[in-house]
Amino acid sequence: MSAPLLVIQDLHAKVAGEDLEILNGVDLTVEHGQVHALMGPNGSGKSTLAKVIAGHPGYEVTKGEILLNGEALLDLEPDERSRAGVFLAFQYPAEVPGVSIANFLRTAMNARVGDEDEMDIFAFQERLTEKMELLKVDEGFASRYLNDGFSGGEKKRNEVLQMAVLEPALAVLDETDSGLDIDALKIVANGVNTLSSEDASLGVLLITHYQRILTYINADHVHVMIGGRIVESAGPELANKLEAKGYDWLHQAAATV
Ligand code: ADP
Ligand code: MG
């Protein structure tokens with residue numbers, strides 16, 4: 001039997017160089033092919049978890065483990081984690097006029113492989129075309145400049161296309177602070193649904209405080225993080241309960257553990 005895709009065990013992490021503990025014992029297992037939603041109030045540590053998985057240098061793991069396909073992820077540099085199959089949707093606050101999406105995607109792809117394995121332009125174009133067809137992205141999109149005047153939806157289209165081209169084993173999508181409108185939300189949802197039905201072993205950790213996105217994405221499991229740990233895990237019905245009841249009832253549960 002193969003190892004689970006992602007195992008997080010008793011993970012503690014703090015801000016690097018400071019005494020500020022943010023993650024207080026996170027446990028989470030994502031099997032191949034599963035979509036997990038991670039929800040929780042602002043400031044509960046969700047984005048920190050995403051960054052720690054990706055190897056952000058601003059955080060220090062003080063205890064616990066992260067295994068990807070049974071291998072210790074914490075021993076790897078961020079670029080090695082990416083090569084091992086971890087995709088973290090980057091946020092692009094900056095617009096980059098003069099860099100086309102196609103160019104950017106090719107650079108991102110080649111950054112993951114060694115020089116000798118660089119994908120030539122023809123093979124890359126082929127893959128890009130294939131993914132654009134799969135995701136029903138307009139032909140002209142790839143020649144536009146990165147984020148230059150992009151709407152929220154277009155930024156998401158770019159993010160999903162990037163994920164498709166990189167073909168990760170585990171995609172971590174942090175949707176919390178992006179002020180998603182309904183179109184952008186549907187783009188992310190359709191992208192995740194399309195890519196996970198195309199690749200039956202893809203694992204997704206979708207971080208969101210919008211219960212609404214879960215009406216478009218079929219999450220297998222929903223978790224709530226409060227105070228740097230997961231205090232509740234259940235099926236998709238948990239998202240509806242959170243919609244109806246908020247997080248207060250869980251704050252009480254969190255205080256008693
Ligand atoms: P969430 O994504 O759930 O809203 P975050 O992971 O962004 O939460 O943040 C969790 C808590 O840790 C917040 O109180 C935040 O202010 C704090 N925090 C995160 N990163 C840092 C940092 N680099 N320096 C100081 N505090 C931080
Ligand atoms: Mg966040």
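**Entry 1: the whole chain**

I started with contacts in this predicted model. Among contacts between residues at least 6 apart in sequence, 70% join residues at least 24 apart. I noted that 47% of the 257 residues count as buried.

Next I went through the secondary structure and listed eight helices and twelve strands. The radius of gyration is 18 Å, close to the 18 Å that the globule rule gives for 257 residues, so the chain is as compact as a globular protein of that length. I also looked up the span of the C-alpha trace along its principal axes, which is about 60 × 40 × 40 Å.

The accessible surface comes to about 12,300 Å², and 48% of it belongs to carbon and sulfur atoms. For charges, I wrote down 20 positive and 40 negative side chains. The centres of the two sets lie 5 Å apart.

**Entry 2: helix H7**

Which residues of H7 are buried? In this helix, residues 237-245, I found Leu 238, Ala 239 and Leu 242. I looked down the axis of H7 and saw its buried residues fall within an arc of 105°, so they line one face of the helix. After H7 comes Gly 246, and its phi is positive, near 70°.

I looked for Gln 211 and found it in the loop between strand S10 (203-207) and strand S11 (221-226). Is Gln 211 buried or exposed? Its relative accessible area is 11%, and the cut-off for buried is under 20%, so Gln 211 counts as buried. Leaving aside neighbours within four places in sequence, Gln 211 is in contact with Met 39, Ala 239, Asn 240 and Glu 243.

Leu 166 sits in helix H5 (residues 152-166). At 11% relative accessibility, Leu 166 counts as buried. What does Leu 166 touch, not counting residues up to four places away in sequence? I listed Phe 87, Ala 108, Met 109, Arg 112 and Arg 127. I also checked Leu 166 against His 56, which is 110 residues apart from it along the chain. Their C-alpha atoms are separated by 19 Å.

Then I moved on to Glu 167, in the loop between H5 and strand S9 (170-174). Glu 167 is partly exposed, with a relative accessible area of 43%. Its phi is positive, about 45°, although Glu 167 is not a glycine. I wrote myself a reminder that most residues other than glycine have a negative phi.

**Entry 3: around strand S4**

Where is Gly 58? I found it in the loop between helix H1 (46-54) and strand S4 (59-68). Gly 58 is partly exposed, at 25% relative accessible area. Leaving aside neighbours within four places in sequence, Gly 58 is in contact with Lys 14, Val 15 and Ala 16. Val 15 is 43 residues apart from Gly 58 along the chain, and their C-alpha atoms are separated by 6.1 Å.

Last, I looked up Asn 69, in the loop between S4 and strand S5 (71-72). Asn 69 is not a glycine, but its phi is positive, about 50°. Asn 69 is partly exposed, with a relative accessible area of 36%.

Technical notes:
Residues numbered from 1 in each chain as written. Chains lettered and ligands numbered in written order. Predicted model: local features only at pLDDT ≥ 70, side-chain atom pairs only at ≥ 80, totals over all residues. Heavy atoms only, no water. Helix = DSSP H or I, 4+ residues; strand = E, 2+ residues; numbered from the N terminus. Rg over C-alpha atoms; globule rule 2.2 N^0.38 Å. Buried < 20%, exposed > 50% of the residue type's maximum accessible area, 1.4 Å probe, protein only. Contact = heavy atoms within 4.5 Å. Areas by Shrake-Rupley, 256 points an atom, 1.4 Å probe, with all protein chains shown as cover. Lys, Arg positive; Asp, Glu negative; His and termini not counted. Charge placed at Lys NZ, Arg CZ, Asp CG, Glu CD. Arc of directions from axis to C-beta.
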